[in-house]
Amino acid sequence: MPRPGGYGSPSAHEYGAPMPHQGASSPGPAAVAPSSGVPVQSTEHVSRETPAADEDDPPLAMEALRAVQILNPSGEIIMPRPDHPRVICVANQKGGVGKTTTTVNLAVALALHGNRVLVVDLDPQGNASTGLNVPHHAGVPDVYDCLIDNVPLAEVAQQVEGIPNLFCVPATIDLAGAEIELVSVVARESRLARAIAGHPEKFDYVFIDCPPSLGLLTVNALCAAQEVLIPIQCEYYALEGLNQLINNINLVRQHLNPTLDVSTILLTMYDRRTRLADAVEQDVRNHFGAKVLNAVIPRNVRVSEAPSYGQSVMTYDPGSRGATSYFEAALELAVRGVNTGGTA
């Protein structure tokens, strides 16, 4: 089973740890020079300080290589683009499982590799807007205006600085009152769906970052989306509310959005030092099967630091394990979508 970082993550060898054939065994018997009688080391023994012919590049070089691959400054690396827009709702009613972090980093990874991406921040806390460095203070046109006052989405979407293919619809504190105001609005569950459908530009991906609840905002996201991506923290509490979330998704599918599909599960905050993380991973993979991405997101301090600089980890530290892992997840999401006609 792939470990955090997926199939492109650095191995122990790439981090400079000695491989079994590099000085791990005891030195072989000494040979004797026929002319002098002085013992010399056998040619079969290679010192730890002697680089093997097949030794990988040093860790810093590997990190730089990963950073160039992720930032893609030449624009030559293109992730597969879907043949129709994929609207993906990132949902989990449990807080702190990595919904916003996942939304931001997947969106940036896809945008850096040739896809046009829109992020809709539907959480009143506005953390996705913060992570993309998009202004979302009081008075800024935001998703609230689209839901309550029918303002076109194109009028509130802002381009993310430094990433030409990425746009964000911010959330301000005004959105906190939307749950109550939507109660009396006609067709309250489909307000966001109509706003996205009315956007004149066509995006390859639309990511909707949901609040940690199952209220009307999340229902709007589920009605607007074709797919649901569920980030699951590798801890026991993350599994407790999962059945309730799946039941709500099924209710939305039955009554409001028959095309909705739980297409992707992403394991986050994986701590390889604990057996609990392994146990949670196995439980999730046994239950959801192929829906679970092979890439797993590890606990990584760079991922946590990035939002304080108004960045995703992809641009803050592109050579880090966190950035590598999200890059692998984005690539897998893109490849799966193309191979299955739009849904993973």
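Student: How many of the 5 residues of strand E4 (residues 117-121) are buried?
Tutor: This is a predicted model, where local features need pLDDT of at least 70, side-chain atom pairs count only at pLDDT 80 or more, and totals for chains, interfaces and linings use all residues. Residues are numbered from 1 along each chain as its sequence is written, and side-chain values use heavy atoms, with hydrogens and water left out. Buried means under 20% relative accessible area, exposed over 50%, and partly exposed in between (1.4 Å probe, protein chains only). Helices (H or I, at least four residues) and strands (E, at least two) are DSSP runs, numbered from the N terminus. Strand E4 is mostly covered, and its buried count is 5 of 5.

Student: Which residues of E4 point the opposite way from Val117, Val119 and Asp121?
Tutor: Both sets in E4 are buried. Opposite Val117, Val119 and Asp121 point Leu118 and Val120.

Student: Which residue in E6 is the bridge partner of valine 120?
Tutor: Two strands pair if DSSP finds at least two bridges between them. E4 and strand E6 (residues 166-169) run parallel, joined by 4 bridges. Within E6, the partner of valine 120 is valine 169.

Student: Which residue in E7 stands opposite aspartate 121?
Tutor: Strand E7 (residues 205-209) also pairs with E4 in the parallel sense, over 5 bridges. Facing aspartate 121 there is aspartate 209.

Student: Which residues does leucine 192 contact, leaving aside neighbours within four places in sequence?
Tutor: Contact means heavy atoms within 4.5 Å. Leucine 192 is in contact with Val120, Leu122, Val143, Leu147, Ile208, Asn220, Ala221 and Ala224.

Student: Is asparagine 150 buried or exposed?
Tutor: Asparagine 150 sits in the loop between helix H4 (143-149) and helix H5 (153-156). Its phi is positive, about 60 degrees, although it is not a glycine. Its relative accessibility is 51%, so asparagine 150 counts as exposed.

Student: What is the relative accessible area of alanine 187?
Tutor: Alanine 187 lies in the loop between helix H6 (178-181) and helix H7 (191-197). Its phi is positive too, near 50 degrees, in a residue other than glycine. Alanine 187 is partly exposed, at 36%.
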